Amino acid sequence: MASSTAQTEDPKPSHTVATTAKAPFNLPSADVVFRTADNVEFHLHKPILSIASPFFNDMFSLTQPSEATTQTTPSHERVPITENSETFDGLLRLLYPVADPPLTDRILVEQMLEAALKYQLKEATDTLRRAWQPFIPQHTLSIFATACRLHLQDEAKMAAEAWKATKSWSLDRMEPNFGRTLEGASYTDEMASMSAGTYFRLLYFLRTTVNGPVNFVEPRDPSVLRMWNLSGLFQSGLKYPNTNAVHTAPFPVPDVESDIILRTCDGVDVPAHRLVILLASATGLLTRPSSSSPKTYHVDAVAVTLRALLHLCYPLARVDFSLGLHQVDAVMRLARKYEIQSVVDLIKDQCVSLLPENPILCYFFAMQWEWVDEARKAAAFISDLEQPACVTDVYTSAMEDISAEIYVQLLKYVHQCKIASSEAVDSLPTHIYDKNQQWKLVAGEFNGVITAGIPLIGAKYIREHSCYECINRPKPGCRCQESVLNQQYAAYVRFKGAIKAATSKVPFEMKFNGVNA
């Protein structure tokens with residue numbers, strides 16, 4: 001509702017004396033006063049605002065509190081807003097029958113556009129969008145970030161196409177400077193609050209020729225994207241979290257009935273067992289007994305989140321990460337709020353156990369909850385993969401709930417590790433590795449270590465250490481091939497050792513909400 005929205009966005013009260021706005025927003029015929037964040041009062045007319053905006057029409061149709069009862073002089077009702085006077089003045093001049101304001105300042109246009117969308121001012125929104133679009137060629141990435149934040153798909157697509165046309169980046173995966181790569185050059189600090197999923201879609205659009213509609217603001221149709229599956233390590237399909245999913249606890253079983261009720265803030269009664277809650281040290285859930293219903297306790301949570309939390313209080317519970325980061329994060333926050341350490345530890349332990357199977361998901365969860373050590377381990381694991389460059393082609397639904405800043409930190413680290421690995425490998429003796437010669441691709445397994453696709457032993461070495469019959473077509477079981485195989489394994493060990501030593505020296509620059517960890 002309009003009134004509830006206005007209340008949640010009220011700025012903090014200020015003791016600064018308010019000033020009156022310039023004409024025509026100072027007329028005595030006004031019947032409502034809006035006070036901006038910088039304490040400027042706009043004396044406005046409800047009929048004009050109601051015609052221009054369904055938001056204001058709904059607001060004025062409800063009874064609004066008046067300050068007249070608390071002041072010694074007559075006063076119209078005052079509505080505090082979060083916009084500053086410059087933004088609000090320009091927006092009002094698009095509504096009132098006066099000359100339109102100059103729309104030559106990009107930042108001011110964006111602020112006015114955001115306010116127009118907020119107050120459902122359709123005509124003003126259309127005018128501001130048309131005035132905003134000419135700024136795209138000079139401020140491409142900034143406008144893309146703002147358009148995505150404001151859910152303006154058309155402007156986001158225009159900005160993406162304009163950036164793609166510039167080709168202001170290098171597609172060379174071995175470009176030493178991350179800032180010149182596609183992943184680094186396409187990111188600005190204004191994208192920090194944008195989702196990693198949105199940034200992933202931008203990179204995919206820039207790398208490929210996309211046929212059909214492109215939606216940067218919302219997750220794409222799963223049938224459109226073709227994902228790499230890194231040896232089965234990552235989720236290759238596009239699956240999105242089911243926010244309506246409900247997980248019931250393994251109890252009650254038929255012979256164990258619930259003995260208490262937890263009433264959620266959305267009015268749902270969730271049955272539970274007092275003993276289980278006590279054993280899980282979740283007594284914080286029982287601190288607000290209902291005065292009207294016996295054995296009923298009020299809990300400040302929605303039913304979906306509370307059910308998932310209770311599920312983890314029972315023995316042998318497992319965290320269902322398929323619910324998506326958003327829902328699991330809500331459970332984690334609720335467990336921390338009520339100091340249920342057993343659930344916090346369970347989520348953390350099971351998240352860490354994801355590392356071998358899905359390190360990128362483990363990384364996102366660790367970064368979401370600021371687990372520094374676990375995030376570093378996950379990033380190092382990803383960089384140690386045989387094909388770390390393909391991380392840029394991997395999508396997981398958690399990226400819709402993770403900031404682009406966290407995603408880019410991972411891409412930068414993986415890129416730096418790749419460059420360090422390349423430099424280390426280039427320094428190896430030529431009989432182990434020399435990318436300027438023709439090399440045999442090792443295909444085999446040494447003591448359980450898969451080495452398929454690793455170029456190690458040169459063609460010259462193979463010829464010199466093979467018998468006459470095995471030079472062109474190696475014969476299985478020939479003693480000369482046993483010697484070559486041993487040399488391949490030794491070279492592989494040195495190859496991996498050089499990479500490990502090089503990547504261990506690469507710093508991982510972690511930031512949480514813009515602050516270095």
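Mentor: A salt bridge here is a side-chain nitrogen of Lys or Arg within 4 Å of a carboxyl oxygen of Asp or Glu. The model is predicted: local features need pLDDT of at least 70, side-chain atom pairs count only at pLDDT 80 or more, and totals for chains, interfaces and linings use all residues. Residues are numbered from 1 along each chain as its sequence is written, and side-chain values use heavy atoms, with hydrogens and water left out.

Trainee: How many salt bridges does this rule give?

Mentor: One of them pairs R78 with E41. By the rule, the count comes to 16.

Trainee: How far apart are the closest N and O atoms of R78 and E41?

Mentor: The two residues form a salt bridge. R78 lies in strand β4 and E41 in strand β3, 37 residues apart, so the pair links distant parts of the chain (strands are DSSP runs of E, at least two residues; helices are runs of H or I, at least four; both are numbered from the N terminus). The closest N and O atoms are separated by 2.9 Å.

Trainee: Is E41 buried or exposed?

Mentor: Buried means under 20% relative accessible area, exposed over 50%, and partly exposed in between, with a 1.4 Å probe and protein chains only. E41 has a relative accessible area of 8%, so E41 counts as buried.

Trainee: And R78, buried or exposed?

Mentor: The relative accessibility of R78 is 18%.

Trainee: What is the strand order in the open sheet?

Mentor: Two strands pair if DSSP finds at least two bridges between them. β2 (residues 32-35) and β3 (residues 40-44) run antiparallel and are joined by 4 bridges. The sheet has 4 strands with mixed pairing, in the order β1-β3-β2-β4.

Trainee: Which strands stand at the edges?

Mentor: An edge strand here has a single partner strand, so one side is left without a neighbour in the sheet. The strands in question are β1 (19-20) and β4 (78-80).

Trainee: Which residue in β3 stands opposite F34?

Mentor: Strands β2 and β3 run antiparallel. The residue opposite F34 is F42.
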